[in-house]
Amino acid sequence: MLLNLIYFIGLIGLGFIFSLPMFVYVSKNTLYEYKIKNDVWIYMWFFSLFCTSALYFILPDFKDMIYDLEYGKIVAVFALAAFIYIAFLLENKLLMYMVMALSSAIVTFLVPDSVSIFEGYIPLWSERLIVFASVFFITFFAKILNGLPAIFAIFILSGLFGMMCLSGFGGVPLLFGIFAALLGGMWLGFLRFNWYPSEIVLNEGACASAGFLLSGFLLLGTIEFSGPSILVLLSYLFAEIIWVLIRSYLWRIKEPDLYNNTAYFVCYTKDISLDAILVSVVKIGIINIIFSCFQLYAPNPFSMPIFTLVVNLWLLNMLYHASENNLSFRETNEAFVDDVKKGLSTVKEAFKRRK
């Protein structure tokens with residue numbers, strides 16, 4: 001365990017140090033006019049592919065897997081992520097959405113049929129449908145975390161470091177933890193330049209491609225039967241998606257971009273400091289990592305993911321009401337209940353209008 005920790009810390013440091021030159025280059029050459037040679041995501045994609053490929057062949061002894069991980073599956077995930085970004089650069093939204101859906105469907109079947117992500121609780125076809133929907137929603141909605149600097153990077157880091165912790169406890173193959181550590185170092189380097197005031201930002205296509213890459217990477221980790229723990233790691237994005245859908249389609253608060261209806265961005269418009277928001281998102285990420293490790297020992301695959309999603313929504317609601325005259329813990333909970341009641345009443349009124 002101690003040796004693995006040393007490996008992880010060393011690889012995080014290496015990923016951070018080796019990735020800094022490309023971020024320094026991009027930060028000095030970024031202009032308002034888009035140029036391929038200054039596109040930070042292209043550099044990050046190649047760096048990630050090179051690192052995972054090198055580790056796959058250099059460290060064969062760390063492939064402690066029940067089912068062998070074929071290198072072709074790793075390349076497939078990276079290739080599909082690249083296709084998504086190419087579709088974005090072609091500036092054709094319909095094509096991009098079609099590529100997202102097709103890529104999500106393809107990556108769904110990279111997990112062997114003999115692997116039951118939910119431990120046989122539901123039919124295999126239902127599992128595949130859930131996986132497809134999860135990957136597609138993560139890819140499609142990843143851009144909503146790009147409204148403020150560092151939010152998206154913190155989400156990616158919580159997923160990677162969560163995978164690293166799961167591998168330390170034997171929940172996923174150790175090789176995935178090593179992948180996550182090195183790539184986490186790279187994203188820490190990105191965070192260094194993406195923290196406010198940000199010197200480098202990702203566009204929507206890069207967020208979609210990175211979100212797909214993360215979801216595909218986490219999905220491959222489910223070959224050790226840790227699917228529910230992986231879902232827990234993604235709870236923050238799912239909570240923000242729910243927040244956006246409620247405000248946009250139930251409360252009918254129309255905004256020019258989806259991220260304007262996210263919890264973190266609404267908090268920012270309420271004069272809550274960016275530092276406070278970022279610290280809150282970091283805390284949520286840490287909580288999700290802890291709960292994902294607990295899920296390894298949970299009696300069923302559903303309780304902890306559902307519980308974590310509720311906790312994430314509750315924490316976002318606490319942040320949302322943080323500026324309202326320093327509400328007490330009890331008053332914050334009452335505000336949360338009032339928001340739920342408001343949402344339910346809106347749904348009832350919508351159904352009445354349809355009748």
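Four cavities of 30 Å³ or more were counted in the structure, a cavity being a set of points, on a 1 Å grid over the protein atoms alone, where a 1.4 Å probe fits but cannot get out. The structure is a predicted model, in which local features need pLDDT of at least 70 and side-chain atom pairs count only at pLDDT 80 or more, while totals for chains, interfaces and linings use all residues. Residues are numbered from 1 along each chain as its sequence is written, and side-chain values use heavy atoms, with hydrogens and water left out. Rolling a probe the size of a water molecule over the atoms shows where empty space is left.

The largest cavity holds about 220 Å³ of space, where a volume is the space filled by probe spheres set on the grid points, which are joined across faces, edges and corners. Its lining comprises 20 residues, of which Phe78, Leu183, Leu213, Leu214 and Phe217 are the closest to the centre; lining residues have an atom within 4 Å of a point. At least two lining residues are supplied by each of α2 (40-58), α3 (71-89), α6 (151-168), α7 (174-194) and α8 (204-220), with helices taken as DSSP runs (H or I, at least four residues) numbered from the N terminus. The greatest contribution to this lining, six residues, is that of α8. By class, the lining of the largest cavity contains 17 nonpolar residues, three polar residues and no charged ones. In this classification Ala, Val, Leu, Ile, Met, Phe, Trp, Tyr, Cys and Pro count as nonpolar, Asp, Glu, Lys and Arg as charged, and the others, Gly among them, as polar.

Of its 15 lining residues, Val131, Ser134, Leu219, Ile230 and Leu231 lie nearest the centre. Two or more residues of this lining come from each of α5 (124-141), α8 and α9 (227-233), and α5 gives the most, with five. Eleven of the lining residues are nonpolar and four polar, and none is charged.

The second largest pocket has a volume of about 350 Å³, a pocket being an open set of points with protein on both sides within 12 Å along at least five of seven lines. Among the 17 residues that line this pocket, Ile130, Ser134, Leu231, Phe238 and Leu309 are the closest to its centre. Helices α5, α10 (235-250) and α13 (303-320) each provide at least two lining residues. The lining of the second largest pocket consists of 15 nonpolar and two polar residues, without any charged residue.

On the surface, Leu2, Leu3, Leu5, Ile6, Tyr7 and Ile9 form a nonpolar patch with about 620 Å² of accessible area together. Patch members have over 30% relative accessible area and no salt bridge, and nonpolar side chains (Val, Leu, Ile, Met, Phe, Trp, Tyr) are joined within 5 Å. Ile6 belongs to helix α1 (residues 2-29) and is exposed, with a relative accessible area of 52%; exposed denotes over 50% with a 1.4 Å probe and protein chains only.

Most residues other than glycine have a negative phi. Glu91, which is not a glycine, has a positive phi of about 60°. Glu91 is placed in the loop between α3 and α4 (93-108) and is exposed, at 73% relative accessibility. Arg252, also not a glycine, has a positive phi of about 55°. The position of Arg252 is in the loop between α10 and α11 (263-269), and Arg252 is exposed at 53% relative accessible area.

Methods
Patch = residues over 30% accessible without salt bridge, like charges linked within 9 Å, V, L, I, M, F, W, Y side chains within 5 Å. Areas by Shrake-Rupley, 256 points an atom, 1.4 Å probe, with all protein chains shown as cover. Salt bridge = Lys/Arg side-chain N within 4 Å of Asp/Glu carboxyl O. Buried < 20%, exposed > 50% of the residue type's maximum accessible area, 1.4 Å probe, protein only.
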